[in-house]
Amino acid sequence: MKYSFMSFSCPELTLEEILKLAEELGYDAVEPRIGSGHAHGIEWDTPIEKRLEIKRTVAAGNIPLSCLATSCRYADPEACPTAVQDTLKSIDLAADVGCHRIRVFGGKIGEGLSRGEAIDLVADSLSKVAERAAERGVFVCMETHDDWCDPKHVAAVLEKAGHHNIVANWDIMHPVRTGHATIDESFETLKPWIKHLHIHDGVTEDGKLRMVPIGEGQIDHRQALKRLLEIGYNGYISGEWINWEPYEVHLPRELAIMKEYEAELT
């Protein structure tokens with residue numbers, strides 16, 4: 001398996017520092033979060049000369065960019081046209097820096113929309129960016145998140161979009177913590193489209209999620225790995241830890257746990 005982590009673990013580090021950290025810790029890639037003011041310098045307004053410099057820097061090392069994590073959301077009709085344009089910009093940014101995936105959300109469903117109408121709206125929005133994604137060699141990965149924690153709803157969007165470059169980012173926590181699906185149910189539903197993963201663990205206390213180390217919460221990461229190994233998954237498994245412990249604490253520990261699980265399974 002190939003392991004990555006999002007820049008939310010260390011938003012203060014430059015790209016060069018993140019790449020060096022990943023290599024020192026034994027990670028296989030890093031996932032920059034764009035639009036959140038992180039110090040890595042990969043943003044929509046990054047000029048083309050700087051983008052190409054970033055691409056050369058990454059290509060010269062051993063740590064690629066697994067994905068660009070965006071905040072693009074489509075399920076609200078008022079915001080949807082802007083989100084489509086932002087997605088096109090994100091696709092171009094990813095391609096320019098040599099990254100082959102972007103993460104997007106379905107987003108909060110607009111007031112008055114039925115689930116079916118929301119599925120149609122999100123699928124139509126993603127269809128509008130599909131050809132640009134294909135031309136630029138980028139997969140647009142819709143996450144199991146927000147109003148789309150139920151894998152069946154994400155699958156309905158992806159099936160309706162019906163394009164090779166419109167795929168799933170399986171965040172393995174959200175379907176479980178919201179009670180929509182187990183790890184096995186999520187995997188079976190999303191299996192044809194899984195191109196990226198987000199991992200983290202937590203427990204729900206008084207209706208709120210509290211992050212805990214992998215293996216101490218509600219999420220069965222070992223079972224997720226088992227199912228991915230069954231299909232020879234060759235994408236990235238990316239840790240997403242936001243405003244949590246210092247990166248020096250959680251990054252090496254979480255990777256060690258995942259590699260221990262993998263060793264047990266193989």
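Author: A residue counts as buried under 20% relative accessible area, as exposed over 50%, and as partly exposed in between (1.4 Å probe, protein chains only). This is a predicted model, where local features need pLDDT of at least 70 and side-chain atom pairs count only at pLDDT 80 or more, while totals for chains, interfaces and linings use all residues. Residues are numbered from 1 along each chain as its sequence is written, and side-chain values use heavy atoms, with hydrogens and water left out.

Reader: Thanks! Let's begin with charge pairs. How many salt bridges does a search of the whole structure find?

Author: Side chains of opposite charge can pair when their charged atoms come close. A salt bridge here is a side-chain nitrogen of Lys or Arg within 4 Å of a carboxyl oxygen of Asp or Glu. Across the whole structure, the search gives 19 of them.

Reader: Which residue forms a salt bridge with Asp 124?

Author: Lys 128 does, with 3.4 Å between the closest N and O atoms. Helices (H or I, at least four residues) and strands (E, at least two) are DSSP runs, numbered from the N terminus. Both partners belong to helix H4 (residues 115–136), where they sit four residues apart, about one turn of the helix. Asp 124 is partly exposed at 39% relative accessibility, whereas Lys 128 is exposed, with a relative accessible area of 54%.

Reader: And what does Arg 222 meet in a salt bridge?

Author: Its partner is Glu 264, at 3.0 Å from N to O. Arg 222 lies in helix H8 (residues 221–230) and Glu 264 in helix H9 (residues 247–265), so this pair ties together parts that are 42 residues apart in sequence. Both ends are partly exposed: Arg 222 has a relative accessible area of 34%, and Glu 264 is at 46% relative accessibility.

Reader: How far apart are the closest N and O atoms of Glu 245 and Arg 253?

Author: They are 2.7 Å apart, in a salt bridge. Glu 245 is partly exposed at 25% relative accessibility, and Arg 253 is partly exposed with a relative accessible area of 25%. For a group of linked residues, look at Arg 51, Asp 92, Asp 96, Arg 132 and Arg 136, which form a network of salt bridges.

Reader: Now away from charge pairs. Is His 196 buried or exposed?

Author: His 196 is buried, at 0% relative accessibility. It is part of strand S7 (residues 194–199). Its contacts (heavy atoms within 4.5 Å), leaving aside neighbours within four places in sequence, include Glu 31, Cys 67, Arg 101, Trp 170 and Tyr 233.

Reader: Where does Ser 9 lie?

Author: Ser 9 is in the loop between strand S1 (2–6) and helix H1 (15–25), and at 7% relative accessibility it is buried. Not counting residues up to four places away in sequence, Ser 9 touches Trp 241, Tyr 247, His 250 and Leu 251. With His 250, the side chain of Ser 9 makes a polar contact of 2.8 Å. Such a contact is a pair of N or O atoms within 3.5 Å; within protein, one must be able to donate a hydrogen and the other to accept it, and residues adjacent in sequence count only if both atoms are side-chain atoms.

Reader: Which are the buried residues of helix H7?

Author: In H7 (residues 183–190), they are Ile 183, Ser 186, Phe 187 and Leu 190. Seen down the axis of H7, these buried residues fall within an arc of 100 degrees, so they line one face of the helix. That arc is taken from the directions from the helix axis to the C-beta atoms. They pack against helix H5 (151–161), strand S6 (166–171), helix H6 (173–177), S7 and H8.
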